[in-house]
Amino acid sequence: MKVRFAVTPPASALTEDCFGNYLSACEQLKFDTIWLSDIPLGTMGDPVIALSYAAAATTKLNLGANIVPLGRNPMWLAKQLAQIDRLSGGRVLLSFVPGLGSQGERDALGYGDSNRGAAIDDIVDLMRRWWAGERISAAMEGYSFSDVVVHPRPLQSPLEIWLGGKAPAALRRVARLADGWLTSAATPDEAGAGKIQIERLAGEFGRIVDAEHFGISIPVTLGEPDEQALQSLRSRREDGDLSQIVAIGPKGLRALLDRHLDQGLSKFVLRPLNAMETQADWRRDLDWIAETALPLQT
């Protein structure tokens, strides 16, 4: 099993003064991937733009992102991601997410009362067909494509699209549509059960999701977490229990990774819990995360 680690930069590393240094440090430490998050109403910028910068600033680091495709013209998004993949030598990794779901964000993206899951289904289908070189006539959510071919095509064939979520409908969508599963806010037991469910459902659809294409995003912190930083995570858990969700310190991170590995997960996005802090010590976090996790990378 190929175990790989990605790391998410905090806001303090995404500035024009620091991002290049952050990328260099990730490459020198030998992280597999830098992973960016798309929060449309957040303060951390557009991950598609940041990926294009990272493609030019690195040579080996894989370039991953959660992308909210809603509100983006799927034709332009297909072109942009394909071009970044070519310019980077085939290093782009993608997970499509529906966004945080707040009413303000849904309205801003033009999906106030629309079915976001169904829209992602349509967008994934369109982009895959364009990346395969098809000429498409289709209409969706205000867009009309008449006999459209997208150039350039990505270097990777296929350019994979992973999906997340852990609700039954989300697991079914992964099984039916995705190349992999990147979940979050799940305990090791929940993640393992989700993997089994996806594999079973994929068989019913006549598909196979690669056994090595199961991963999770894990929030990490070197010291005791600030309660305010935990509030949004607690809201995503019915039980409010974060004891198997947040990794605290090297010992806590290693123990949580071992449990997820035992459940068959092998791809990890390690996200500093203080990611929104503009003064966070990103170098300190990179170093302790690397020292703890990278010996497990294969």
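This section describes helix packing and backbone geometry in a predicted model.

Two helices that pack together can be described by the angle between their axes and the distance between those axes. For helix α2, residues 47-57, and helix α3, residues 74-87, the axes come within 10 Å and cross at roughly 20 degrees. Because angles under 35 degrees count as roughly parallel, α2 is roughly parallel to α3. The crossing of α2 and α3 is left-handed. On the α2 side, the contact involves Val48, Leu51, Ser52 and Ala55, and on the α3 side Leu77, Gln80 and Ile84. The residues of this contact comprise five nonpolar and two polar, with no charged residue.

Helix α6 spans residues 168-177, and its residues Ala170, Leu171, Val174, Ala175 and Leu177 are buried.

Backbone geometry was examined next. Most peptide bonds are trans, and most residues other than glycine have a negative phi. Departures from both patterns occur in the model, beginning with the peptide bonds. The bond that joins His151 and Pro152 is cis, with omega about 0 degrees. Pro152 is placed in the loop between β6 (143-148) and β7. A cis peptide bond also joins Ser157 and Pro158, here with omega about 5 degrees. Pro158, too, belongs to the loop between β6 and β7.

Lys30, a residue other than glycine, has phi near 75 degrees. Its location is the loop between α1 (19-29) and β2 (33-36). Lys30 is exposed, and its relative accessible area is 60%. For Asp147, likewise not a glycine, phi is positive at about 60 degrees. Asp147 is part of strand β6. With a relative accessible area of 45%, Asp147 is partly exposed, since that class lies between the cut-offs of under 20% for buried and over 50% for exposed.

Conventions. Residues numbered from 1 in each chain as written. Predicted model: local features only at pLDDT ≥ 70, side-chain atom pairs only at ≥ 80, totals over all residues. Heavy atoms only, no water. Buried < 20%, exposed > 50% of the residue type's maximum accessible area, 1.4 Å probe, protein only. Helix = DSSP H or I, 4+ residues; strand = E, 2+ residues; numbered from the N terminus. Axes fitted to C-alpha atoms, helices over the stretch in contact; angles between N-to-C directions. Parallel < 35°, antiparallel > 145°, perpendicular 65-115°, else oblique. Left-handed = near helix turned anticlockwise from the far one by under 90°. Contact = heavy atoms within 4.5 Å. Nonpolar A, V, L, I, M, F, W, Y, C, P; charged D, E, K, R; others polar.
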